[in-house]
Amino acid sequence: MFLREINVPVSSVRGVGPATVKPLATLEIHTVGDLLAHWPRDWEDRTEFHSLSQFDTRSKIHVKATVVAHDWFGFGRMRTLKIIIRDEAGTVAELVCFNRPFLEKQFPPDARVVVYGSFRYAYGSLQSSAFELEQDGTSPARVLPVYALAAGISQTQMRKIIANALREYGRGIESELPEPVRTRYQLPDKQLIVQWAHQPANLSQTVQARHALIFEELFLFEYAIGQRSLERRGRLPRLDTDTETSRADTAQPGPNSASVCQNSDSVPAALFPLQSRLIERLSFSLTPDQKTVLSELNNDLQSNTGMARLLQGDVGSGKTLLAFLAALAVREQGGQTAILAPTELLARQHADTAARLLEPAGIRIAFLTGNLKASGRTKLLEELAAGGIDVVIGTHALFSKNVRYHNLRLVVIDEQQRFGVLQRAAILDKGRESDPDDRPPNLLMMSATPIPRTLALSVFGDLDVSVIKTMPPGRKPVITHLAAKKNEERVYDFIRRELAAGYQAYFVYPLIDPSDSVELASATDMFTHLRERVFPDTPCALIHSRIPEDEQRETMHAFRSGKIRILVATSVVEVGVDVPNATCMVIEHAERFGLSALHQLRGRVGRGSTQSYCFLVFSDKLTESGKARLRVMHETTDGFLIAEEDLRLRGPGDIAGIQQSGYLAFTLADPIRDYEILLEARTAAFDLLEAGSKR
Ligand code: ADP
Ligand code: MG
């Protein structure tokens, strides 16, 4: 039986009463299988002893000592026992026994004891109040598991019930990893892994158990990715090619226009007539990368397997247009498109752009957010369900319960790193619901947060990946200046000159309102300051997430049209906002922002052909890592490089918010830290799938 199949309720384990079932449930532990798969988050090595003088190099130490004396302090009910101990090196320490007066009898002077605890200096002596104490020789040397806990259950209790579960149900657990994989990668069988994780005899067993569990987790993940890819595309994800091209295996009605997308390395796909017409009306021509990607999108849309594609392109590389072009193709095939954006601001901007680019072609567009007034909403939902709308643009409201589509065939998720897997699944379900054959809709995910390629391939292994590498022509890289807060006047002077030349500027702050606890400039305060003192003759506006949507919309509109010249903001303008006439971005307390946020913010300027500038204003108390981050921003504008640097500086665990957004709900594995294991696990999984698919 597999561990996860042990469905016996956890209450049947000895020591688990009704009072324990509750806290266990908050840890998602309901069955014995869950309990045994509650892996330790760490282990305490009690096979070695330390001296008391090592107290500050480790969080907890394990010491052999002799009780020297007892002492009491406080009065009445507050009277508290202190046990004075001395270790073999002669160091003396006090154990403060809050609520444990009974220790007096158990550990009289001269008793030989073993202490495990954390020590610190207080009132001139070495002290511990968080310790475990026992007679020397009571327990054998051992390694103890440390579990995540919930209110109502102690570490000791957790250890006890897991030990009980192991004794009562821990036999005959089968491995999910096939035997040849275990042999090849030298992994112990599951029975041993479970034993070594919960009751290790030494630290080396814990290391092996952990490694094997991480391998297993990543193997199952890669196996699922491989399987999805096989089902959808009839092949495993390709990991060696650069920009993948899925070949069309013809089924859908294709375009009949003669114009062909020029590109070098992929099969050129003909354009749909609506697409050609839009491209002709543009004031610019598509970049070579945009053409390649468009060809890939068209191929996907005409293939049997459909589209499941991640489009990566740095800020300002022109992804939005590609989404609209894809929507036109889908419209010609008779389907609807939903474009999902993470913020109202961005959704509104897309809707405006769509109105400009698509409506002249007769495409019916709608804008749907959570804030839409009830009457308008009902009408819109009816039209959406009846097929009177071709392209709907909005926020997560697009996949709320009462939204029905007539025939949703393309889902575009912009800034996809902002959405979690569940949200993505919810909108794909809308497409499946509206299809008579229950087919999933085409999926195009767009991201400007570059994910290092190696990682992207592993995590999005079931997706095709397109990359826009080149920017539209005429773009000049943004010139970035670092400025100390005390030199801010010079930054203001610079901005004045740019404003005089007809351009516009953003000022970004880390907070909306002033805060008592941190000394940071806030958008609200600085708005007043900038408007009244620094730029009294320039129209300024304030925008942040707590300003009502209508007002935000008006402000953005006024900024885009040039009526407002200075926009004071928080990081709400981080994603997607596109105002080419804005040439200056001033970010105050730049050291408070992460690298990828800074990169996104800087990407708000330099969107036209005029030279643009970014000022990173830092406070005087700049830390070393803060300095390092700002230096990276100063030296490069390459988003992929910045992402790699971000990863290196911040360490593993949270690249571009992948973890929080729930792509990777791993228990033990961390695909960045465990990248080597990930590669092995993927090879193992794909080898197995390959062997299976040949049979
Ligand atoms: P992002 O990839 O960050 O979403 P956008 O789609 O917002 O970028 O495009 C940024 C700007 O570049 C927009 O103003 C868009 O009209 C413009 N643009 C897109 N493609 C081209 C092109 N081929 N030539 C010139 N400008 C372009
Ligand atoms: Mg965008």
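Reply: The chain has a mean pLDDT of 85, with 90% of its residues at 70 or more; pLDDT is the predictor's confidence in each residue, from 0 to 100. This is a predicted model, in which local features need pLDDT of at least 70 and side-chain atom pairs count only at pLDDT 80 or more, while totals for chains, interfaces and linings use all residues. Residues are numbered from 1 along each chain as its sequence is written, chains are lettered from A and ligands numbered from 1 in the order in which they are written, and side-chain values use heavy atoms, with hydrogens and water left out.

The site first. Around ligand 1 there are 16 residues, of which Gly 316, Lys 319, Thr 320, Arg 475 and Asp 578 come nearest; a residue is near a molecule if one of its heavy atoms lies within 4 Å of it. By class, this shell has four nonpolar, seven polar and five charged residues. Here Ala, Val, Leu, Ile, Met, Phe, Trp, Tyr, Cys and Pro count as nonpolar, Asp, Glu, Lys and Arg as charged, and the others, Gly among them, as polar.

Polar contacts are pairs of N or O atoms within 3.5 Å; within protein, one must be able to donate a hydrogen and the other to accept it, and residues adjacent in sequence count only if both atoms are side-chain atoms. The side chain of Thr 320 has an N or O atom 2.6 Å from an oxygen atom of ligand 1. For the side chain of Asp 578, the corresponding separation from an oxygen atom of ligand 1 is 2.7 Å. Ser 317 takes part through a backbone N or O atom, which lies 3.4 Å from an oxygen atom of ligand 1. On its own, ligand 1 has 570 Å² of accessible area, and the protein covers 85% of it; such areas come from the Shrake-Rupley method with a 1.4 Å probe, and for residues only the protein chains shown count as cover.

Next, confidence along the chain. Helix α14 (residues 453-459) has the lowest confidence, at a mean of 62, and strand β16 (residues 504-508) the highest, at 97. Helices (H or I, at least four residues) and strands (E, at least two) are DSSP runs, numbered from the N terminus. Over residues 240-266 pLDDT stays under 50, although the model has 74 contacts beyond four places in sequence for them, a contact being heavy atoms within 4.5 Å. Where pLDDT is low, the predicted coordinates should not be read in detail.

Now the single residues. His 589 lies in the loop between β19 (582-588) and α18 (595-602). His 589 is buried, at a relative accessible area of 7%; buried means under 20%, exposed over 50%, and partly exposed in between (1.4 Å probe, protein chains only). Its side chain reaches the backbone nitrogen of Ala 521 at 2.9 Å. Beyond four places in sequence, His 589 touches Pro 510, Glu 519, Leu 520, Ala 521, Val 617 and Ser 619.

Ala 366, in strand β10 (residues 365-368), is also buried, at 8%.

Tyr 123, in the loop between β5 (112-122) and β6 (125-135), is exposed at 82% and has a positive phi near 50 degrees.
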